[in-house]
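Let's take a friendly walk through this structure together.

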Amino acid sequence: MNNNNEEENNVDSIEERLNSIIGEGDGTGLIIDDKYLESFSYFFRDHFSSLKFLLQDIKEKEGNLLKFSKGYEEFGFHVVNNGIYFKEYAPSAKAIHLFGDFNDWNRDSHPLIKEEFGRWSIFLPDIKDENGNYIPRISHNSKIKLCITISNGERVDRIPTYSTKVVQEITIHEEVLYNSIFWNPPEPYKFKFPKPETKNVGLKIYEAHVGMSSEEYRINTYIEFKDNVLPHIIKSGYNCIQLMGIMEHSYYASFGYQVTNFYACSSRYGTPDELKELIDVCHKHNIIVLLDVVHSHASRNVGDGLNEFDGTEHCYFHGGKKGYHPVWDSRLFNYGNWETLRFLLSNLRFWIDVYQFDGFRFDGVTSMIYTNHGIGSSFAGGYKDYFGKAQPPIIDTEATLYLTLSNVMLHCLDENIITIAEDVSGLPGLCIEVKDGGMGFDYRLGMGIPDMWVKLLKKVKDENWNIGHIVYTLTNRRYKEKTISYAECHDQSLVGDKTIAFWLMDKEMYSEMSVLNSLTPVIDRGISLHKLIRLLTSSLGGEGYLNFMGNEFGHPEWVDFPREGNNNSFQYARRQWSLVKDKLLRYQHLFNFDIAMNTLEDTYPYLSSPPAYVSYQHEEDKIIVFERGNLIFVFNFNPSVSFSDYRVPSSKPGKYIIALNSDNVQYGGHNRVNNNSEYFTSNYSYHDFQHSFLIYIPNRCALVFALAD
């Protein structure tokens with residue numbers, strides 16, 4: 001459980017923390033840094049006023065926000081003194097019965113009692129075993145379900161909404177059965193290691209999917225991930241793991257984004273305690289663990305999900321057309337519903353308290369914050385595209401209020417909790433503090449960056465790449481709003497697309513990656529650009545960096561989960577770790593560079609430093625120079641020309657040494673630069689800098705310089 005419980009009971013302490021997050025302004029503080037928002041100040045005032053009103057409403061009805069966020073301690077199954085207590089929310093149900101292994105699947109013997117506000121409950125007293133000892137009426141790991149009588153008198157089977165473990169079974173008649181599992185191990189897993197520090201840390205995120213992390217043609221497990229993949233991540237130098245597909249989902253090929261059971265970790269990979277152990281061992285190695293949380297929508301499955309839980313379509317969701325996503329074929333939450341707020345806030349709290357996650361990547365934020373879900377919107381027409389008065393309204397105020405409330409709750413609970421928003425629209429204020437009128441996220445994903453790289457690789461020869469456009473895309477982020485940059489994530493390699501390595505080298509990856517073969521022009525170009533793209537994205541593109549599992553060593557091909565369309569094949573739903581382990585293949589060189597890149601950031605923490613200052617760029621030469629974190633980065637994207645005595649501006653005088661050289665032979669380079677060279681600045685003013693020095697910069701090469709002292 002969370003170590004804030006004792007403090008939670010101190011109302012004054014909670015109010016003090018809330019007041020520090022909310023502040024005393026009117027929600028327009030962000031306009032100070034962006035005067036163009038002045039015309040839309042009404043939006044920020046209204047949003048901030050609604051937030052304060054909601055917080056006051058929660059205080060009056062629930063005690064305080066942190067108590068409200070602990071619904072998981074009230075609802076679901078709970079082992080208490082002398083028995084088991086269960087509570088469910090189903091406002092339109094006519095009757096509910098609990099049944100399962102414990103009562104030989106009798107749908108009539110254990111009715112729930114109807115309470116006020118749509119709640120139902122039952123208490124199951126302990127029973128005596130054969131030795132006369134009292135034991136829980138429901139045994140650990142046994143199956144259990146609800147039989148709900150809906151408004152028309154029909155009886156339907158449902159999975160309890162707060163179930164912490166749910167399993168699928170295939171009958172001999174090939175029917176799929178879903179059951180909740182009563183999880184009450186005799187010796188629950190106990191966490192051994194403290195959470196790592198998250199403040200002032202340059203996040204280097206390893207995006208991972210447990211199920212597809214095996215090289216074998218099967219689904220991997222939490223334990224195998226801990227034993228076999230985690231050591232690779234540690235060696236790579238990433239300090240944060242973002243776990244995808246953890247929340248239970250019936251359809252494996254959804255990548256985990258069609259969630260059916262919000263409080264259950266996927267049983268495909270193992271047990272709840274095995275996930276806890278995985279997270280605990282990550283913490284042992286000082287690795288932050290984030291959950292890819294999906295609160296933007298839910299699976300429309302009825303038998304195993306939230307949809308039509310009590311026989312209506314509006315139990316947790318909007319009714320009618322508003323409750324269905326037009327593209328994702330899924331259900332949309334009603335964020336204005338009190339019990340929906342409780343369910344979702346409690347869900348966040350549950351993953352933090354019970355599993356010790358360190359934060360969240362919120363999926364599908366763009367879909368949440370716009371009434372049209374961002375579909376068909378370019379967001380290129382200025383601030384009116386976000387805040388302009390229109391009918392229907394552009395912004396979904398209930399969704400933005402929920403997201404803001406989530407950040408308030410999480411940061412009130414623990415200021416070290418990290419929240420990242422997946423938003424492609426660039427909504428102003430998304431990552432601004434709540435007290436200044438923002439929504440309070442810590443980071444946003446720089447989703448335009450991978451789109452740029454893919455478009456360049458698909459459509460433009462690298463000799464024609466526009467250096468100014470690349471620099472603009474990487475630096476175009478809002479003041480004071482931190483960004484997680486990435487060259488590619490899972491999205492870029494889903495079926496229909498390819499990894500960056502595969503775009504660069506394509507079919508030659510199958511035949512020309514051996515170190516025993518002469519280096520072909522395609523492989524030489526591919527390895528060189530793969531390194532430059534990743535280093536430039538990491539150092540110039542944001543305040544954090546993300547990589548998808550396997551792409552650090554140039555994983556070939558694409559991602560495609562088992563489904564009918566591919567004969568349920570695991571061919572592309574796995575990671576070929578043997579490629580990077582084989583010393584006769586060139587994948588090791590890309591992996592070595594990735595390690596060196598992360599080591600550079602550890603040694604000279606540039607991600608947690610202020611944004612880079614681009615001191616020089618030359619379109620014809622294809623050169624980019626910038627300073628960040630006491631380092632000078634020099635990139636030569638020229639495909640054929642190397643430059644001698646190339647002048648590099650410097651803000652600080654002194655002796656510089658090479659901190660990273662992408663042309664090193666262990667990185668698949670040609671050793672054209674002496675790593676022991678020393679570079680002394682002169683007082684030769686260059687591009688508004690008082691100092692400069694001369695270097696040799698080979699084609700398709702990056703050099704990073706650091707002051708010797």
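**From strand 29 to the spaces inside**

Strand 26 (residues 655-661) and strand 29 run antiparallel and are joined by five bridges. Before going on, please keep in mind that this is a predicted model, in which local features need pLDDT of at least 70, side-chain atom pairs count only at pLDDT 80 or more, and totals for chains, interfaces and linings use all residues. Residues are numbered from 1 along each chain as its sequence is written, and side-chain values use heavy atoms, with hydrogens and water left out. Helices (H or I, at least four residues) and strands (E, at least two) are DSSP runs numbered from the N terminus, and two strands pair if DSSP finds at least two bridges between them.

Is strand 29 largely enclosed or largely open? Strand 29 (residues 701-707) has six of its seven residues buried, so the rest of the structure largely encloses it. Buried means under 20% relative accessible area, exposed over 50%, and partly exposed in between (1.4 Å probe, protein chains only).

Next come some backbone details in the loops. Asparagine 567 has a positive phi of about 60 degrees although it is not a glycine, and is found in the loop between strand 21 (544-548) and helix 16 (578-581). Lysine 622 likewise is a residue other than glycine with a positive phi, near 65 degrees; its loop runs between strand 22 (613-618) and strand 23 (623-628). Asparagine 567 counts as exposed because its relative accessibility is 73%, whereas lysine 622, at 9%, counts as buried.

On a 1 Å grid over the protein atoms alone, a cavity is a set of points where a 1.4 Å probe fits but cannot get out, while a pocket is an open set with protein on both sides within 12 Å along at least five of seven lines; lining residues have an atom within 4 Å of a point. Grid points are joined across faces, edges and corners, and a volume is the space filled by probe spheres set on the points.

The largest pocket holds about 1,300 Å³ of space. Its lining has 48 residues, and those nearest the centre are Cys431, Glu433, Asp442, Lys480 and Lys482. Helix 10 (397-413) and helix 2 (11-22) each supply at least two lining residues, with the largest share, five residues, coming from helix 10. The lining divides into 20 nonpolar, 12 polar and 16 charged residues.

There are also three cavities of 30 Å³ or more. The largest cavity has a volume of about 80 Å³, and its lining includes Phe43, Phe44, His47 and Phe387. Helix 3 (residues 41-62) gives the largest share of that lining, three residues. The second largest cavity has a volume of about 40 Å³, with Ile159, Asp304 and Phe343 among its lining residues.

Key
Nonpolar A, V, L, I, M, F, W, Y, C, P; charged D, E, K, R; others polar.
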